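Here is a set of questions and answers for someone meeting this structure for the first time. Each answer sets a value beside the rule that gives it its name.

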Amino acid sequence: MSTIVSSGLDIQKIRDMFPVLHQEVNGKPLIYFDNAATSQKPKSVIDALTGYYEGYNSNIHRGIHTLAEKATTAFEETRKRAQQFINSREAEEIIFTKGTTDSINLVASTFGRKFINEGDEIIITTMEHHSNIVPWQLLCEEKGAILKVIPINEAGEIIFEEYEKLLSEKTKLVSVVYASNSLGTVNPVEKIIAKAHEVGAKVLLDGAQAAAHIVLDVQKLNCDFLALSAHKAYGPTGTGILYGKREILEKIPPYQGGGEMIKDVSFNGTTYNDIPYKFEAGTPNIADVIAFKYAMDFIDELGKTNIAQHENDLLAYSTSQLQTVDGLKLVGTAQDKVSVSSFIVDGIHHFDLGMLLDAKGVAVRTGHHCTQPLMDNFCIEGTARASFAVYNTKAEIDVMVEGLHDIVKKYRK
Amino acid sequence: MSTIKEIQEEIIEDFSMLDGDMEMTINYLMELGETLPELPEDKRTEENIVKGCQSKVWLTAALENNGVKFEADSNTAITKGLVSLLVRVFSNQAPKDILDEEIFFPQQIGMNRFIGTQRSNGFAAMIKQMKLYALALSAQAVK
């Protein structure tokens with residue numbers, strides 16, 4: 001049987017690159033639908049990690065010996081690769097962080113502390129992850145600034161006119177999620193950015209969910225900051241990037257103090273290194289950064305457009321199939337979505353649903369997905385969420401949907 | 001009346017018949033949960049919620065004939081089944097026994113394998129809460 005799908009990708013061949021997929025859980029073949037939490041890693045990424053530790057583990061930047069040079073080169077290769085991946089003007093605009101949360105906190109602690117003052121306003125959306133809410137709440141508390149929230153409609157899309165009403169000369173920052181982790185909604189970020197710039201506000205994009213699914217072009221988008229995590233895009237955990245425009249990064253103070261971020265240190269004062277090193281204090285997560293390059297290679301070799309086409313097919317299929325389940329309601333029905341199917345079933349709690357699906361070998365996530373205000377907005381406690389990656393298939397969706405039919409028949413009150 | 005130790009042994013025996021099958025175990029837990037009477041609305045209060053559980057668990061205790069009467073409920077069916085096991089083990093036992101006796105059945109029925117660490121933590125929180133109730137009621141019991 002051919003395993004080539006409409007986008008031309010050979011899904012079986014892709015699955016073979018992921019060792020973790022070939023196992024049974026609870027006596028059933030594993031179906032991994034928790035990709036929005038973290039995607040699985042191809043062998044090339046895993047090999048890069050072991051290759052580094054087995055072949056050239058060494059601290060980077062200040063070493064003159066051969067291994068240090070090799071590690072530094074590999075580390076900086078990822079920076080150049082990330083520059084291509086998001087199409088930034090320069091590699092120096094790429095800062096390595098622990099991930100999206102760390103990237104957002106970096107902006108709050110540096111840009112926020114320097115440029116946001118009492119009475120200034122920060123705008124976010126109702127569908128933000130806690131990572132893009134709490135850092136701003138902390139900052140607002142410290143500075144006496146005000147957090148404004150763009151409301152959403154029933155489908156889970158922002159109401160653009162309401163956003164326009166919130167914008168004013170007081171707006172200093174608009175920080176929005178590119179694609180929602182709970183709903184899948186893809187926000188009209190180009191329009192959001194253009195509007196924010198009209199009032200002189202800067203824009204941060206939370207690209208955590210977008211990175212693996214949408215072509216990122218920071219120059220075309222004209223965003224001021226972009227945050228993303230490697231592990232949601234087939235890369236290792238514990239690393240991610242913050243992109244910032246050079247002219248802004250140069251104006252903002254360092255994030256943490258320590259090694260590598262300095263030019264000269266004396267007890268009378270310290271001068272700081274140039275970007276991006278000014279923001280990278282301490283020994284970074286060398287191995288994971290190096291391996292991240294291979295994740296970006298994996299994505300670009302398949303082609304994001306091809307990946308998106310396959311995932312959109314999966315999303316359309318799951319959307320129609322899930323609706324055949326008695327009592328099931330989809331949460332998040334935006335026109336433009338990444339491959340996330342969030343749902344609740346009347347009469348069965350989402351935790352029970354998740355456990356029962358797990359017993360059938362299907363891994364989904366249940367709960368509020370770190371978006372409690374969004375759940376409150378829909379008046380629900382949480383959802384079950386199936387999120388698809390390039391290695392998933394329609395046959396796997398069939399197993400999940402059959403499982404749900406069975407669960408509903410047996411347990412729905 | 002059976003002792004805490006004897007009831008735990010009965011539970012281990014019951015679960016051994018499921019042969020480690022996850023679906024059957026969940027099914028059994030959900031059935032057990034259904035046998036637990038629903039807690040009246042006025043007892044489903046914020047202060048009766050057991051802290052540390054992912055799903056909501058309400059737990060109350062009162063002294064009756066020198067034994068502790070536990071009532072519990074949960075908003076999720078599997079958790080309700082789990083809590084029903086603890087109610088079965090501890091209900092009507094003397095506060096001192098609840099405090100002294102060792103709880104060994106969760107490991108023996110492979111609770112970790114079936115429920116995972118997140119729920120096991122919640123399970124530990126439930127046991128702790130039941131022991132705290134027993135401690136509070138022990139002063140009343142001896143009088």
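Two strands pair if DSSP finds at least two bridges between them, and helices (H or I, at least four residues) and strands (E, at least two) are DSSP runs numbered from the N terminus. This is a predicted model, in which local features need pLDDT of at least 70 and side-chain atom pairs count only at pLDDT 80 or more, while totals for chains, interfaces and linings use all residues. Residues are numbered from 1 along each chain as its sequence is written, chains are lettered from A and ligands numbered from 1 in the order in which they are written, and side-chain values use heavy atoms, with hydrogens and water left out.

Q: What makes β13 and β14 of chain A a pair?
A: They are joined by 3 bridges and run antiparallel, and the rule asks for at least two bridges, so they count as paired. In one of these bridges, A:Leu330 has A:Phe343 in β14(A) as its partner.

Q: Why are β13 and β16 of chain A said to stand at the edges?
A: The open antiparallel sheet has 4 strands in the order β13-β14-β17-β16 (chain A). β13 (328-330) and β16 (365-367) each have a single partner strand, so one side of each lacks a neighbour in the sheet.

Q: How do you know how much area chain B and chain A bury between them?
A: Buried area is the accessible area (1.4 Å probe) that two parts lose on being put together, summed over both. For chain B and chain A this comes to about 1,300 Å², 59% of it on carbon and sulfur atoms. The contact (heavy atoms within 4.5 Å) takes 15 residues from chain B and 15 residues from chain A.
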